[in-house]
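Morning, everyone. Please have a look at it first.

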Amino acid sequence: MKEIDLHGLRHEEAKRAIEPVLNKFWCTGEEIHFITGYSPKMKDIVIDLLNIYRLEYDIGDYSGQNIGYIKTYLE
């Protein structure tokens, strides 16, 4: 599993950080967790890109840590 921490990045920086990860691990079966915090805007950015790539995803948080993430598998 790979974790990509977007928490603390500006929204435009996050957009530029996500796509190279998707391209690098495309078709590897790798599980990726994009750490978003609880920002609805950050989650929307990740979800929009995952939808473009037609990837399924789950939204969750790490128990007891209050850190939001979006999980996908790059199959």
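A definition before the pairing: two strands count as paired if DSSP finds at least two bridges between them. With that in mind, β3 and strand β4, residues 67-74, are joined by 6 bridges and run antiparallel. Keep in mind that this is a predicted model.

Two residue pairs to look at here. Tyr62 has Ile67 in β4 as its bridge partner, and Gly60 stands opposite Tyr69 in β4.

Now the other pairing of β4. β2 and β4 also pair in the antiparallel sense, again over 6 bridges. His33 is the residue opposite Lys71 in β4.

Next, the whole sheet. In what order do its 4 strands lie? The order is β1-β2-β4-β3, the sheet is open, and the pairing is mixed. At the edges are β1, residues 2-5, and β3, residues 57-62, each of which pairs on one side only. On average, neighbouring strands of the sheet are turned by 30° against each other, with direction ignored.

On to the helices. Helix α1, residues 11-24, packs on the sheet and touches β1, β2 (30-35) and β4. The direction of α1 makes about 175° with that of β2. Helix α2, residues 40-52, also packs on the sheet, and its contacts are with β2, β3 and β4. The direction of α2 makes about 10° with that of β4.

Last point: is β4 mostly covered or mostly open? Mostly covered, since 6 of its 8 residues are buried, where buried means under 20% relative accessible area.

Terms used
Residues numbered from 1 in each chain as written. Predicted model: local features only at pLDDT ≥ 70, side-chain atom pairs only at ≥ 80, totals over all residues. Heavy atoms only, no water. Helix = DSSP H or I, 4+ residues; strand = E, 2+ residues; numbered from the N terminus. Axes fitted to C-alpha atoms, helices over the stretch in contact; angles between N-to-C directions. Contact = heavy atoms within 4.5 Å. Buried < 20%, exposed > 50% of the residue type's maximum accessible area, 1.4 Å probe, protein only.
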